[in-house]
Amino acid sequence: MSKYKMHVLVCGGTGCLSSNSSQIVDNIKKYLKENGMENDVQVLKTGCFGFCEKGPIVKILPDNTFYVQVKPEDAEIIVKEHLVKGRKVERLLYKEPLTNKSIEDSKHMDFYKKQMRVALRNCGFIDPDNIDEYIARDGYQALGKALTEMTPETVIEEVKKSGLRGRGGGGFPTGLKWEFAHKNKADQKYVVCNADEGDPGAFMDRSILEGDPHSVVEAMAICGYAIGANKGLVYIRAEYPLAIQRLRNAIKSAREYGLLGKDILGTGFDFDIEIKYGAGAFVCGEETALIHSMEGGRGEPTTKPPFPAESGFWGKPTNVNNVETFANIPVILLKGADWFSSIGTEKSKGTKVFALAGKINNVGLIEVPMGTTLREVIFDIGGGIKNGKKFKAVQTGGPSGGCLTEKDLDTPIDFDNLLAKGSMMGSGGMIVMDEDDCMPSVAKFYLEFTEDESCGKCTPCRVGTKRLSEILTKITEGKGTMEDLQTLKTLSQTIKDTALCGLGQTAPNPVLSTIETFWDEYVAHVKEHRCPAGQCTALLQYKILEEKCIGCTACSRVCPVGAISGKVKSTHVIDQDKCIKCGACYDKCKFSAIVRQ
Amino acid sequence: MAKIKSLEELKQLREQFKSKVDLREKGDKMEKMIQIRVAMATCGIAAGARDVMNALVDEVSAQKLDNVVISQTGCMGYCYAEPTVEVTIPGKEPVVFGEVDKEKVKEIIEKYVKNGELLDGIIPVTHKTVDE
Ligand SMILES: Cc1cc2nc3c(=O)[nH]c(=O)nc-3n(C[C@H](O)[C@H](O)[C@H](O)COP(=O)(O)O)c2cc1C
Ligand code: SF4
Ligand code: SF4
Ligand code: SF4
Ligand code: FES
C-alpha cells in the first residue's frame, strides 16, 4: 500500500527534457530525502503536458499546482515551501498573460479549459515507462474485453459505429479499413502503425508515443485480433530517440506481462510487435512508400490499387493506421461507440490533437473536440497572437494544406469543413501567422520543403514543384510578372491532376490557397515590387523623408556601402541602386526621418 | 514478472494498482473532495503530526473513502493545540480539530468526515490558511 500523500509530476517530454527536466527530478528527490519525506511524496517523469512553450513543467497533485519554467535549482524551494509547508511557490506559478494573475489550479487555465483529452488521456498523467500505471488507468482492459467478449466482427462493428476516421491526414473511416483487411483472406496479415510524422512543426504522434506508448501497443493488438493478424510493425523515424526508447520499453514490459506474445490472457490469441526505423523522409509517411521502405526497398510510392489492405507488406493484407488513430481505439471499446460518436460533428467524431506553432502565445500540443472553432483554438486555448500583433492566417494540414483567414475563424474544425474552405485537416499541424508574415514567402517555404522531399519518381512532382518554387522565389524578389501568377495557377492544377502520390497531389495547395486569398499581396510584389508585410528583404526600400531630415549625417556615416549622400544640415538621399537594405541607417536616425516600405 | 493469464487476473491487477494513480485522479475533481490537512510545521511534527498523518492515510484507505484527500500544510497558528487537523467538506467552512491522536483520527473520520456530525475538540477558526 503506497503511503504517498502527494505526487510530483515532472514533464519528461522531448521539449522539457531538453531544458533539463531530468535534473529537476533528481534534485527534488534529493531534497525530499534531506527532509525525510521520500516516502511521503512520489516523484515521477511523465509525457508532455502540451505546454512546451513554458517548460519545464512541474505539476503537483492532488492540489493541481502547475509550475512553469522550472529550473533544477528551484527544486529546493518547491520541496521546502510547497511539499514541506504546503505553501505554493508564487513566482513559479503560471500567470494568465492578459490579467497577469497567478493560476493556483491548472484546471482554471484557459489553455486547458476548452480541451478534451481522449488520445492524450494519459499524457502528462502517468509514468510512460511503468506499465502498472497504464493498467491502473484501465490499460489493456479493452484488449481483454475484445478477446473474451467480442468477435473480430463485433470489434470492427464497434469501430465503424464510433465514426472514427484516420488521423494521419486522409480521414478514411477506420472501421471500414479494418473490415477490408479482415475480409481479405491470407495465411499472414500485418498491422502497421505509421509513426513517420514528417509534417514540419508537427509532434502529435511523437508526444503520444513518448507519453502513453501502451495505448498504441494495446490498440495494435486489438486491430490484429479484428483483422486476423498476429504481427504488428511500427514504422518510426530514427530522429525520435525518446519515443523509440519508450515504445521499446512498453513492448518489453507488455511481453513480460504476457500482454504481447503467445496465448494472450489465455485466449489463444498471439500477437507481437516489431519496430522498423525510417530515415525521416516525408514521403515515407505515405503508406505504400512506407511499406516499400520497411521491406528494405526505396521509399517510393506506388499506385493504388492495390491498397495495402489487399496487398501490403510482403504482398500480404496490411492495415496501416496512424499513431493517434490507434490511441483512440482502447477508449472506444471501453466507453463504447455511442460515447465516442457523441463527441464532435456530424461526420467527424471524437477529438483531434493539434500542434500549435508560429506566432501564437501558447505554442504547444492541444486536443479539442471536433467542431471547436479556429477562433477558440487560436484565441482561447492558444492565448492569441504574440506581442499583440494582428492575426493574419493559419495554415492547417502542413505542406498539403492551405491558409485560412479571419473570415474562417468561426468555422467548426472538422475534416469536411476544412476541405470546403480549401485547406485540410492533415495530421494536425497548425501554424499561425501574423501581419508580419508575407504569404508568397509562406507558399515558397512549403514548396521548398516539398521540392526537397519529392521522391523524384514522377515528373509533374519532381520538376513541377521545382518550377513552382523558382517562380515563387522570383516573385519574392520582385522580379515576377503577371504571367508568372497565371503560370503558378495552371502549373499547380496540372501537378495536382497528374502526380502519382499524395505528396505531389497536394504540394501545390499552399500556392493555390494563398493566391486565392491573398491575390492583392501577390500583385503588390509583381506590379509595385512591394512586400506589404515587409518581410521580403529584396523588396524593402529605405527612404529619407525630406521634411524630417535635419541633415545630421549620422546615417551616411553608418551606411556600410556609402549609399547615402548629402551635405551637413541639408536633406540626405539614399541611392537605391547601391543600398543593400541592411537597415543600419533606419536604426541610427534619431529623427524618424528614414522609413522602410 | 509473472505473466497475466486471464482477464480476471488483469482486473485484479488493475484494482491493486489503482492506488498508484487515484491521488492524481482526485486532483481532477478536487472541489468535490473532502480535504483533510495536517499541520506539519516543526511544532506539529514535534507533537506527533507525522503519526497522525499516517493514521489518517491508513484509515482512509482501509475504509476505501475515495472522496477524501489528505495533504499537509504549514503551521496553522494553533501551536498550543498541535497536532492540528483541518477538514473541509465541500460547501462548508473548514473545521479545525486540535490535539489529535490516533483515537481522535478514528472519531473524526467516523463522525465528521463520513456523516458530517460535529464532535469535541474543534478550535474556532480565526484565519484562513495561507494558500486560500
Ligand atoms: C506524402 C504523405 C505523407 C504522409 N505522412 C504520414 C505520416 O507521417 N503519418 C501518418 O500517419 N500518415 C501519413 N500519411 C498518410 C498515410 O498514407 C496513410 O493514409 C495513413 O497512415 C493511414 O492511417 P489513418 O487512416 O489512421 O490516418 C501521408 C500521406 C502522404 C501522401
Ligand atoms: S508525387 Fe512526388 S513524391 Fe509522389 S511519387 Fe511522384 S515524385 Fe514521388
Ligand atoms: S540620420 Fe536622419 S536626420 Fe540625420 S541625416 Fe540621416 S536621415 Fe537625416
Ligand atoms: S539600408 Fe543599409 S545600405 Fe541601405 S542606405 Fe541604409 S545603411 Fe546604407
Ligand atoms: S515537453 Fe514538457 S510540456 Fe511538452
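**Ligand shells and a sheet**

Student: Which residues surround ligand 4?

Tutor: This is a predicted model: local features need pLDDT of at least 70, side-chain atom pairs count only at pLDDT 80 or more, and totals for chains, interfaces and linings use all residues. Side-chain values use heavy atoms, without hydrogens and water; residues are numbered from 1 along each chain as its sequence is written, while chains are lettered from A and ligands numbered from 1 in the order in which they are written. A residue is near if one of its heavy atoms lies within 4 Å. The shell is A:Tyr542, A:Cys559, A:Pro560, A:Val561, A:Ile564, A:Ile574, A:Cys579, A:Ile580, A:Lys581, A:Cys582, A:Gly583 and A:Cys585.

Student: How many residues around ligand 2 are nonpolar?

Tutor: Ala, Val, Leu, Ile, Met, Phe, Trp, Tyr, Cys and Pro count as nonpolar, Asp, Glu, Lys and Arg as charged, the others, Gly among them, as polar. The shell has 13 residues, with A:Cys455, A:Lys457, A:Cys458, A:Cys461 and A:Cys501 coming nearest. It holds 3 polar and 1 charged, and the nonpolar ones number 9.

Student: What is the strand order in the open sheet of chain A?

Tutor: Strands are DSSP runs (E, at least two residues), numbered from the N terminus. Two pair if DSSP finds at least two bridges between them. Strand 7 (261-264) and strand 9 (318-322) are the edges, each pairing on one side only. With mixed pairing, the 5 strands run 7-8-6-5-9.

Technical notes:
Helices (H or I, at least four residues) and strands (E, at least two) are DSSP runs, numbered from the N terminus.
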